[in-house]
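I opened this model to look up a few local features and to note how each one sits in the fold. My entries follow in the order in which I looked.

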Amino acid sequence: MVNTQITLSGVTLDNPVIPASGTFGFGYEFAQWYDINCLGAISVKGTTQEPRFGNPAPRIAETPGGMLNAVGLQNPGIDKVVAEELPKLREVYHKPIIANISGFSLEEYVACCAKADASPLTDLIEVNVSCPNVQHGGLSFGTDPDMVYQVTQAVKAVCKKPVYMKLTPNVTDIASIAKACEAGGADGISLINTLLGMRLDLKRRAPILANTTGGLSGPAVFPVAVRMVWQVYEAVKLPIIGMGGVSSAQDVLELMLAGATAVQVGAANLVNPYACKEIIEALPREMERLGIQSLTEIIGGAH
């Protein structure tokens, strides 16, 4: 009998498979299709301080091997998420819940993280530093090691629960960003978020997305995710949640060999709502085929 259990900063997961933020709603929506308690954990929809309607449509575009999205962090705001959405999820889900926090200023990150941390229904805090810093000309927090360090240090000061920093891949040196997280006191790292891309409409001779550019996700980005997880594992001593184009049990094992302790599944959920369930069911068979007794033994095993 194989052992699929893993541990993230003291939080035990029955398996390493987690639906990625923004691809699984607030989780309870999927309970109508299957028992979501098979999931290792759930990373809920990205949350900001104020409610956001998001970007104008069209905000989704297909690409070969993936998709572009420019949804724009549509969410009801942190107060409503804590008061209404998390309790609704907890009614049908009894495993770890990861709050995903976004912000457009240092103060917004701190305020949202403090509220998410104070909720008895959250187990981990995932901080998305791919947002543009409105106080510094719109440069993404996650592209500057100094800003990443400041956000990490500030949110750690108000959080008792483990804090995982979610990194953008749109940087030259991902290792330097990861080291800034470690120096700031992060408990772990999540990566990768989406790669910046765009498509053009040939008839209109204009961008397909109303926002012009969007985030590329799906199988096309998987090799980039493997490379960056590998580099971050080499650079820091923090646990890693790997993601980016994961769509099979083999992908989960590959990212774990690269250095991930747990793995998030994103765009695959939008193609097939049973994606996570099917990956979890296939994982023990794939482990047996490859002679893996326990997942903890293969974390970083390719280094």
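I began with Asn-55, which counts as buried because its relative accessibility is 18%, where buried means under 20% relative accessible area, exposed over 50% and partly exposed in between, with a 1.4 Å probe and protein chains only. Before going further I noted that the model is predicted, that local features need pLDDT of at least 70, that side-chain atom pairs count only at pLDDT 80 or more, and that totals for chains, interfaces and linings use all residues. Residues are numbered from 1 along each chain as its sequence is written, and side-chain values use heavy atoms, with hydrogens and water left out.

Entry on the loop of Asn-55. I placed Asn-55 in the loop between β4 and β5 (60–63); helices (H or I, at least four residues) and strands (E, at least two) are DSSP runs numbered from the N terminus. The side chain of Asn-55 reaches the backbone oxygen of Ala-70 at 2.8 Å. Leaving aside neighbours within four places in sequence, I found Asn-55 in contact (heavy atoms within 4.5 Å) with Ala-70, Val-71, Gly-72 and Asn-211. Pro-58 lies in that loop between β4 and β5 as well, and the peptide bond joining Ala-57 to Pro-58 is cis, with omega about -5°.

Strand β5 runs antiparallel to β6 (residues 66–69) and is joined to it by 4 bridges, two strands being paired if DSSP finds at least two bridges between them. Ala-61 has Leu-68 as its bridge partner in β6, and in the hairpin, with 2 residues between the strands, Gly-65 takes a positive phi near 75°.

Entry on the sheet. I read the order of an open sheet of 8 strands as β3-β16-β15-β10-β9-β8-β7-β4, with parallel pairing. Its edge strands, each pairing on one side only, are β3 (17–19) and β4 (42–43). Within the sheet, 4 bridges join β8 (residues 124–128) to β9 (residues 163–166), and Val-127 stands opposite Met-165 in β9.

Entry on cysteines. How many disulfides does a search of the whole structure find? I found 0, a disulfide being a pair of cysteine sulfur atoms within 2.5 Å. The sulfur of Cys-112 is too far for a bond, because the closest cysteine sulfur, in Cys-113, is 7.0 Å away. For the sulfur of Cys-113 the closest is in Cys-159, at 4.8 Å, which is also too far for a bond.

Most residues other than glycine have a negative phi, and most peptide bonds are trans. I noted a cis peptide bond between Leu-191 and Ile-192, with omega about 15°. Arg-205 has a positive phi of about 55° although it is not a glycine, and it is exposed, with a relative accessible area of 78%. Thr-212 has a positive phi near 75° and counts as partly exposed, at 35% relative accessibility.

Conventions. Polar contact = N/O pair within 3.5 Å; in protein donor to acceptor, adjacent residues only side chain to side chain.
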